[in-house]
Amino acid sequence: GMGASLGLAGADLLGSMIERYPDPEHALREWEQRLRPFVGYHLPNGVSMRRAFIPANRAERAVRSAMTRLVRMPISRSLLGRARAIGGALVPSEGA
């Protein structure tokens, strides 16, 4: 997800806006105006990825469990290794 990244980016931007605009209300308006499009762009992806991190029911838990088992299978590691060789940085290596 992008939660931590959005939090860090938002905090950094807020610091910049407070430094640039001494009036707190003005700084907050500018901060929100600049941050909102970035958050709006990433929000739908975060909502859809929620299932991967927080399954809401038995079906979602079963899918998550199956995907976890699948990724741990030797054939999956072989395929991911090949994808890494083809795509370079698109697939992170183990331990990364």
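Me: Helices (H or I, at least four residues) and strands (E, at least two) are DSSP runs, numbered from the N terminus. How do the elements of the chain run from the N terminus on?
Reply: This is a predicted model, in which local features need pLDDT of at least 70 and side-chain atom pairs count only at pLDDT 80 or more, while totals for chains, interfaces and linings use all residues. Residues are numbered from 1 along each chain as its sequence is written, and side-chain values use heavy atoms, with hydrogens and water left out. The chain has four helices and zero strands. From the N terminus, the order is α-α-α-α.

Me: What percentage of the 96 residues in the chain is buried?
Reply: Buried means under 20% relative accessible area, exposed means over 50%, and partly exposed lies in between (1.4 Å probe, protein chains only). Of the 96 residues in the chain, the buried share is 12%.

Me: Which residues form the largest nonpolar core?
Reply: A nonpolar core is a set of buried Ala, Val, Leu, Ile, Met, Phe, Trp, Tyr and Cys residues joined through side-chain atoms within 4.5 Å. The largest one has five residues. Helix 1 (3–20) and helix 2 (24–53) are the elements that give two or more residues to this core. Its members are Leu13, Met17, Tyr21, Ala27 and Leu35.

Me: Leaving aside neighbours within four places in sequence, with which residues is Leu13 in contact?
Reply: Contact means heavy atoms within 4.5 Å. Leu13 is one of the residues of the largest nonpolar core. With neighbours within four places in sequence set aside, the contacts of Leu13 are Trp31, Arg34 and Leu35.

Me: How far apart in space are Ser16 and Trp31, C-alpha to C-alpha?
Reply: Ser16 lies in helix 1 and is partly exposed, at 30% relative accessibility. In sequence, Ser16 and Trp31 are 15 residues apart. In space, their C-alpha atoms are separated by 8.7 Å.

Me: Is Glu30 buried or exposed?
Reply: Glu30 is found in helix 2. Not counting residues up to four places away in sequence, Glu30 touches Met17 and Tyr21. Because its relative accessible area is 16%, Glu30 is buried.

Me: Which residue forms a salt bridge with Glu30?
Reply: A salt bridge is a side-chain nitrogen of Lys or Arg within 4 Å of a carboxyl oxygen of Asp or Glu. The closest N and O atoms of the pair are 3.5 Å apart. The partner, partly exposed at 40% relative accessibility, is Arg34.

Me: What is the N to O distance between the side chains of Glu32 and Arg36?
Reply: The structure holds two salt bridges, and Glu32 with Arg36 is one of them. These residues are four apart in helix 2, therefore about one helical turn separates them. Glu32 is partly exposed at 37% relative accessibility, whereas Arg36 is exposed at 54%. The N to O distance is 2.2 Å.

Me: Which helix supplies the largest share of the nonpolar patch?
Reply: Patches are made of residues with over 30% relative accessible area and no salt bridge, like charges being joined within 9 Å and nonpolar side chains (Val, Leu, Ile, Met, Phe, Trp, Tyr) within 5 Å. Val63, Met67, Leu70, Met73, Ile75 and Leu79 form this one, with about 560 Å² of accessible area together (Shrake-Rupley method, 1.4 Å probe; for residues, only the protein chains shown count as cover). Helix 3 (58–72) and helix 4 (74–87) each supply at least two residues. The largest share, three residues, comes from helix 3.
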